[in-house]
Every structure is written in structure tokens, then in C-alpha cells.
Amino acid sequence: MPGAGPAGAATMRAAVQHRYGPPSVLASSEVGIPLPGRGDVLVQVGAAAVHPGDYFVMTGEPYVLRLVFGLRRPRHGIPGRDLAGVVAAVGKDVTALRRGDEVFGWSTAGTLAEYACVPADNLVSVPADLSVVDAAAVPTSALTALQALRDIANVRPGQTVLVTGASGGVGSFAVQIAKVLGAEVTGVCSTRNVDLVRSLRADHVVDYTRTDFTRTEKRYDVILDNVEAQPLAAVRRALTPTGTLIPNSGRGGRWLGPLGRIVRARMLSGFTRQQLKPLLSVEKRKDLLTLADLLATRQVTPVIDRTYPLDEAADALRYVGAGHTRGKVVVTV
Ligand SMILES: NC(=O)c1ccc[n+]([C@@H]2O[C@H](COP(=O)([O-])OP(=O)(O)OC[C@H]3O[C@@H](n4cnc5c(N)ncnc54)[C@H](OP(=O)(O)O)[C@@H]3O)[C@@H](O)[C@H]2O)c1
């Protein structure tokens, strides 16, 4: 887009994939700067977070994802969903944002690039004093944690909430958001992450290398299971008789991923007073505004594990795919 890029450049650097596969399918390439359509904003990307969902889409597995992202090859070619940056240009009908505004949110057309086109409704202003890296870390993971705890589990003050994968992208936000909702929070993590999870204000920390939370006497009103390392039946033992379990691991079989487990959980729900409620997070601007408030008032602070430059986006996705991140992984542009 002439005029949008630096010195009127029409091309930009991006991490591009022409086929599904491991991170080595990603190559740093020069591509055209996208044109913002009606209602869109062109964002000059400052930082873009990557998470397990981006890894699954890059590999094209589970295969069911290809129904949405392209049957034979990825439809968009540029991975990434979450971003923070500066408005470079606005399309027709956009009145709420203008060139130079600092924004964060999500795009469906790829964010591992110097520029990304984003519907204006998917963006909100970056709170003052929040870095571009911190802002980019928020959208998908924090939204998932918020919707799981507030909307699906309806967490109320005084309830006991257990979060597995408390050291990960979703879990590190979930521990903090559960505290904001007034819960007594237990985080489950490995030995090296105990101090980190404590620093997020967890009331209790279970080191899974020493203690299996499904085999203690303790029962929880809500369990947000981001790892699903134990069978459903074992995790249900740790729930109160009317407690709510949210299975939230995106992993599973090669064809259907977590869908099989989701269906099993739904079916089982009919036979027990315990609530088994799988989650598919929905991108809502209203929730992003809520998160912006929590960030501005420092009730929630992103945990950044590592940053990678755009040219090393493949390494960022490789690291995320290994499943041992501590907080969020962010690509800086
Ligand atoms: N439902 C939705 O819409 C939605 C949205 C976003 C994400 N998700 C899913 O949510 C899951 C979590 O995402 P994420 O971004 O938080 O992943 P992540 O950043 O990779 O975090 C996983 C964390 O779990 C820890 N872990 C590994 N094994 C564990 C165990 N047995 N018990 C407790 N902790 C363990 C890992 O650290 P150590 O290995 O060092 O212990 C790591 O810190 C993913 O599967 C993702 O696909 C779903």
C-alpha cells in the first residue's frame, strides 16, 4: 500500500508459510502490505504473541482445523493472531481510531509481519505505561482465562479454584483473574515455576512433580485444566460434588484434536451434578476492554517468558510447540 509503510514502501517483511508443517516451513519473506478494507485498520505491528493455537494452525494438525484455515495449504500464509502496535492507516468508515493510536487486539489475517490488517472492532487502546510486548501478550490467553472463569464457571468470591498449567500463557492470566474474582486459588506447576506462580498471588501452589492434586483430600469448586495430564475421571475426584471442570487443552488426536474429549465431557455432564464445560473462547471487544482496565489498574500483569525478533519467528513457534513456556512468548517486529 503506497504511503502506508516507511517512506511509502509497498512491501513488508513477514514470516510466511506456503504449506502446513513444522516451524521450518516458515520463511522470512518480502510480501505486499495489505490494504485496509471498509471498517479495517492497518496496524504497524510492534509485537505479536504466539501461543499453542498458532502452532496447531501452522502444522495443520489436528486436521479438523484445515476446514477453517485452508484444506490443502494455509489460506493466509502469515501465522499469528495477537498483536500490539500503532495505527498506520484506517479504512473507510473507521472513526474511532486514527493514525498514530497505540492499539492491541487480534487479527485473523496474520500478525507475524511488519503490518497487519485488523477490523477496527478487534482493537482497543493500549493502557498508559503498558509496553507493546506486554500488550501483545494479552488478547487470546487472557481472554480465554477471563471467559473460562467469569462466564463459564461463574466464579464467586470465596470459591476454591484450581488452575493447572498455572505457569503457562493461559494459566498465568487465570491465576491472577481468579484472584480478581475473589477466589482462593491453587496453581499447579513444576518445581522451577513454583516461585513464579506464587508471585501471581496464588494462595497455594501444587508442584506436580511431587504431588498429584487428584489424589489429595482437597476438593475444588472450579478446576480450569489447561494441561489435561490426568484422565477426566481422576480430575473429577478433585471437584466438589457440584463443582465445575473446564477442560482446556488444545491437544488431542491427530484428526479431531480435543473434540473427542469435549464430546465425552458434554455427554458425561448429563449424568452427574458436576458441571463439565469445555470452552471455546470467543473474541469480544467488550472483554478486551475489561482486560485493558485490569491491566491499567495493575490487577493483572502479563508474564513474558521470551521475546524473539521477527526473523526468528520459527524459533518462537518451535519453543511454544514444546509446551513448557513460562507465561507468554512474543515476537518483536
Ligand atoms: N479453549 C480455547 O479457546 C483456548 C484458547 C487458548 C488456548 N487454549 C489451550 O489452552 C492450553 C494452554 O495454553 P497455554 O498457552 O497456557 O499453554 P502453554 O503456554 O504451553 O503452557 C503450558 C504450561 O503447562 C505447564 N505444564 C506442563 N505439564 C504440566 C502438568 N502436568 N501440570 C501442570 N502444569 C503443566 C508447562 O510448564 P512445565 O512443562 O515447565 O511444567 C507450561 O508452563 C493449550 O492446550 C491451548 O491450546 C484453548
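**Strands and helices in contact**

In strand 5, W106 is the bridge partner of D82.

Reader: Which strand does strand 4 (residues 82-90) run antiparallel to?
Author: This is a predicted model. In it, 5 bridges join the two strands. D82 is paired with W106. The antiparallel partner of strand 4 is strand 5.

Reader: Which residue stands opposite F104 in strand 7?
Author: Strand 5 also pairs with strand 7 (residues 123-125). The pairing is antiparallel and has 3 bridges. Opposite F104 stands V124.

Reader: Is helix 4 parallel or oblique to helix 5?
Author: Helix 4 covers residues 139-152 and helix 5 covers residues 169-180. Their axes come within 8 Å and cross at roughly 45 degrees. That angle makes helix 4 oblique to helix 5.

Reader: What is the handedness of the crossing of helix 4 and helix 5, right-handed or left-handed?
Author: The axes of the two helices cross at roughly 45 degrees. The crossing of helix 4 and helix 5 is right-handed.

Reader: How many nonpolar residues does the contact of helix 4 with helix 5 have?
Author: Helix 4 contributes residues including A142, L146 and L149. Helix 5 contributes, among them, V170, F173 and I177. The contact has no charged residues and 3 polar ones. The nonpolar residues number 9.

Conventions. Residues numbered from 1 in each chain as written. Predicted model: local features only at pLDDT ≥ 70, side-chain atom pairs only at ≥ 80, totals over all residues. Heavy atoms only, no water. Pairing = 2+ DSSP bridges. Helix = DSSP H or I, 4+ residues; strand = E, 2+ residues; numbered from the N terminus. Axes fitted to C-alpha atoms, helices over the stretch in contact; angles between N-to-C directions. Parallel < 35°, antiparallel > 145°, perpendicular 65-115°, else oblique. Left-handed = near helix turned anticlockwise from the far one by under 90°. Contact = heavy atoms within 4.5 Å. Nonpolar A, V, L, I, M, F, W, Y, C, P; charged D, E, K, R; others polar.
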